[in-house]
Each structure stands twice: as structure tokens, then as C-alpha cells.
Amino acid sequence: MDIDLNTLNAWIQSHFQELTGNPEIKKIDGGQSNPTYQITYPHRQFVLRRRPDGNLLPSAHAVGREFKVLKALANSDVKVPEVYIHCLDPEVAKTEFYLMEYVPGRVFHDNSLAQILPQHRKLFYFEMARTLNTIHAVDLDDLGLTNFGSHKNYFARQTQRWTKQWELSKLQDSSTIEFLIKWLPQNIPPSNTTTLVHGDYRIGNLMFHSHDPTVVAVLDWELSTLGHPLADLANCCCYAWYLNSDEYGNGIRDLPLKERGLPTMEEFVEAYYSGASHQEEFTRFHLIFALFRMTVIFEGVAARGQAGNAASQEASQLGAIGPLLAERAAELTTLTHF
């Protein structure tokens, strides 16, 4: 374990003096970014989320930003874990971290929902759409998030940001990525609709009830900001319908959807719009941007894997998937619709 449990235990017990006994700690699988741990005392459980070790890209792994938005969302209809303390002292857990409540439930890292009966699978997807609407509907002023990000030119700024991240983290040159870097700024839809955006919205970042198709917590807010709601919708769609079942995230691109009881992307998008507070048109641009962004993120994780400071052993595998996503994005640029 890469955290000294004695040091951490002393820090936790100084803040929660009612705790007794010695804790157990285990790393939670599934995250590719910020290492996450479950800490179990005889009568209470916590989750700790910290920055990775090593040299990191500027503005990446913003656990302090996560803490801020989770704290604010405690006063909203969005289901999130309660957060307790944000710690900047590197002596406690080696890097900046925050401590939050442990929420029991189920996280599905397989978009095919193989553990769920086929006749129930669409319910989980439609709940995912409903929850996304809840995020996009929050009142920024009421939650104190008005200045959580810029209210203008989201896609232009994000394209610039991820282009810069690509230059900083790329393991090799890519003519396809260079093409997308030129195509995206020239095709941004004219819209300044602004909401809270999760930043990495997908089924693997949702905690569902132990028995029901109900979201009990939205996790992993590290990339959250103010921005365009369709960036979240596109990200969610790409992780499901633009990844194959044998690729990272276990997508459903190559699966017989009707036979498996899974919705089409069009059905999911329709479910989202049935409760959306806006009527911005969902276009191929949003999917192309999401695939470009995923490519850059995967490349960054692969680079951290080579450097030995990625949060998951799967990091090295993502370097091979990024170029495939870039190619799928480039293919979309030749279509008039998706």
C-alpha cells in the first residue's frame, strides 16, 4: 500500500475522536486518475481520494475542485457522497486528498450491464439520463457555483485546453489528432448555454442502489466545471456506443442491442431530452469533441503508466485505444449526421 496507515489513522482519529479500533485500507479498483481508497473502522467507513504521485500535468487531478463541488452539491437534488475534510498536508497521505463518506451500492464498469437481467437494463440507462438532467438543472447561484468556471465559449476553451494537454502528454505524433485539432475550432456550434457539467459522466461513475435502478451517488467530479451540457451527454454516449465490448470501459458498440435489452444511442438521447431544461441540438460535433477529448485523456493515462504514477495497472493498455477513438472521430467528420 502506498499510504502509511499509521500516519493516516492518527490524522483521521484527530478529526473523528469517536472512532475506535484499527482501520483496514484497500485501494478501490476502476479509477484511472486519482487513487481512491476505502478505509474501514469497526463501526464506520470512509473513502479517501488523493492526487497521484509524481510529476503531473498543470490543472490535472484537481481533488480540491472535486471537494468544492461535492460540498456545494450537498444542498442540491444531485446525489453525492458527503465530504468531510480537504487536506493539503503531504505528510499525511503523500499528496493532497479529501475524505468523504462511504456510500454502499453498485458501480457498473461494463456498459452492457451483464450483471442485470436484460429486461431491466434500459431502466438503468434511463436513470442515467434522468440523473444527468438533475446535474444540468442545478441553480448555480443558490449553490455558490456561479464562479466555478467561465460562462462563455466552452467548446473553444476546451478544445484549446485538450490540444495543449495532447502536446504535453503525447507518446507519439498522430496525423489524425492534428486533423481534429484543426477541424474542431472551425465547426463549433454557436451557443453559450451554460450549466454545471460533470466532466466525465458515464455509467462507471455512478453508484446505483444495491437492488433498484436508482442512482444513489454521482462520483468522480475532478473534471467538473461550468460549461455546455451536451459535452456531458456526448461523453456518456461515446463511452457506451463508440467503444467496443472488448475495449476499455466495455462499450456496447459491437453488441446486438435489442437482443441484450440495451437502448440505442438515439433512445438514450431521447430520454435525456424528455427532461432537459434546454433544447440545444445534439450534433456530430459534440461526439467528435468527446472522442477527441477521450483520446487525449487516454494518452495521458498511458503516459503516466510509462512514468509509473498512474492509478491503475490498465494504464498502459489505453495507449492503444486512443488512436482508435481518434479514427472514429475523424470518420464522423465525413458524415452529415450520426
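Student: Which residues of the largest nonpolar core touch the most other members?

Tutor: A note on the source comes first. This is a predicted model, in which local features need pLDDT of at least 70 and side-chain atom pairs count only at pLDDT 80 or more, while totals for chains, interfaces and linings use all residues. Residues are numbered from 1 along each chain as its sequence is written, and side-chain values use heavy atoms, with hydrogens and water left out.

A nonpolar core is a set of buried Ala, Val, Leu, Ile, Met, Phe, Trp, Tyr and Cys residues joined through side-chain atoms within 4.5 Å; buried means under 20% relative accessible area, exposed over 50%, and partly exposed in between (1.4 Å probe, protein chains only). The largest such core has 87 residues, and Leu196, Trp221, Leu233 and Trp241 touch the most other members. Helix 11 (residues 284–307) gives the most to this core, contributing 11 residues; helices here are DSSP runs (H or I, at least four residues), numbered from the N terminus.

Leaving aside neighbours within four places in sequence, Trp221 is in contact (heavy atoms within 4.5 Å) with Glu66, Val69, Leu70, Leu73, Val78, Val80, Ile135, Leu196 and His198. One of these partners, Glu66, is also linked with Arg49 and Asp220 in a network of salt bridges, a salt bridge being a side-chain nitrogen of Lys or Arg within 4 Å of a carboxyl oxygen of Asp or Glu.

A second, separate core comprises 18 residues, including Leu8, Ile12, Ile25 and Leu99.

Definitions and conventions: Helices (H or I, at least four residues) and strands (E, at least two) are DSSP runs, numbered from the N terminus.
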